[in-house]
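Subject: Structure handover

Dear colleague,

Please find the structure below, followed by a summary of what was found in it.

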Amino acid sequence: MPFDFGIKDIIDILLVAMMLYYIYRLMKESRSLNVFIGIMLFVVIWLFVSQVLEMRLMGSILDKLVSVGVIALIVLFQEEIRKFLYTLGTQQRFRTLLRYFKNKDKEPEEDKETIMPIVMACMNMARQKVGALIVVERGIALNDIVETGDKIDAAINQRLIENIFFKNSPLHDGAMVISNKRIKAAGCILPVSHNLDIPKELGLRHRAGLGISQASDAIAIIVSEETGRISVANKGEFRLRLSAEELEAVLAKEM
């Protein structure tokens, strides 16, 4: 019987390779890489025993372990699975398609009134080396994050932002959440990113900012208390050492 290998087989192999690579990246970020390697070794042994050596007894035992193991993996890696499904839903192509159904009639002046107080407050805090973490909500609601802090629901104001992050303020350690052009809450607790590639000089504020950008489509603005530098976390990536103009451009584009 001739060996039949067509274009569908090539696509099949590429899709499996892409899936394994994405799972590898996901496990690496969540510090579960050794578990991933162990699972892959188990799968290789299972295929070798059942398909190559054709050991019926050992193969049937491993088959049972695999069927139970799938349920165990779902329980064990529920956060990673949730993140995978979220990432699929927030792909740029899908979001671009959804924008056609939204109202695009925005006034540039209204956007500037929202962005400039944030930019000016960040620049002043950067000069004084006052640490800050501001999260700007976009498509995905952050109600669960708002509930962890103190609700404010005030208009965006430069002096209010600076007062909240003042070193003696009881709310300066948490994150501020901005939603629908209003300051919704302050002192909020954010999920911390476990990405091992984060530079060591970046502290807990940066990890929290990256964490919320990975768990949602929000933008996180971080002002470093040690260096006074301004950073933005967006879509699980950092933009470091931003000037006022660069911060304004990022917010104008992404908001």
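Helix α3 supplies the largest share of the nonpolar patch, namely four residues. The patch lies on the surface and consists of Phe42, Phe48, Val52, Leu53, Met55, Leu57, Met58, Ile61 and Leu65, with about 850 Å² of accessible area together. Two elements, α2 (33-52) and α3 (56-76), each give two or more residues to it. Patch residues have over 30% relative accessible area and no salt bridge, and nonpolar side chains (Val, Leu, Ile, Met, Phe, Trp, Tyr) are joined within 5 Å; a salt bridge is a side-chain nitrogen of Lys or Arg within 4 Å of a carboxyl oxygen of Asp or Glu. Areas follow the Shrake-Rupley method with a 1.4 Å probe, only the protein chains shown counting as cover for residues.

The model is predicted: local features require pLDDT of at least 70 and side-chain atom pairs pLDDT 80 or more, whereas totals for chains, interfaces and linings use all residues. Residues are numbered from 1 along each chain as its sequence is written, and side-chain values use heavy atoms, without hydrogens and water.

Leucine 65, in helix α3, is partly exposed because its relative accessibility is 47% (buried is under 20%, exposed over 50%, partly exposed in between; 1.4 Å probe, protein chains only). Serine 193, in the loop between β4 (182-188) and α9 (204-215), is buried because its value is 2%.

Kind regards

How values were computed:
Patches are made of residues with over 30% relative accessible area and no salt bridge: like charges are joined within 9 Å, nonpolar side chains (Val, Leu, Ile, Met, Phe, Trp, Tyr) within 5 Å.
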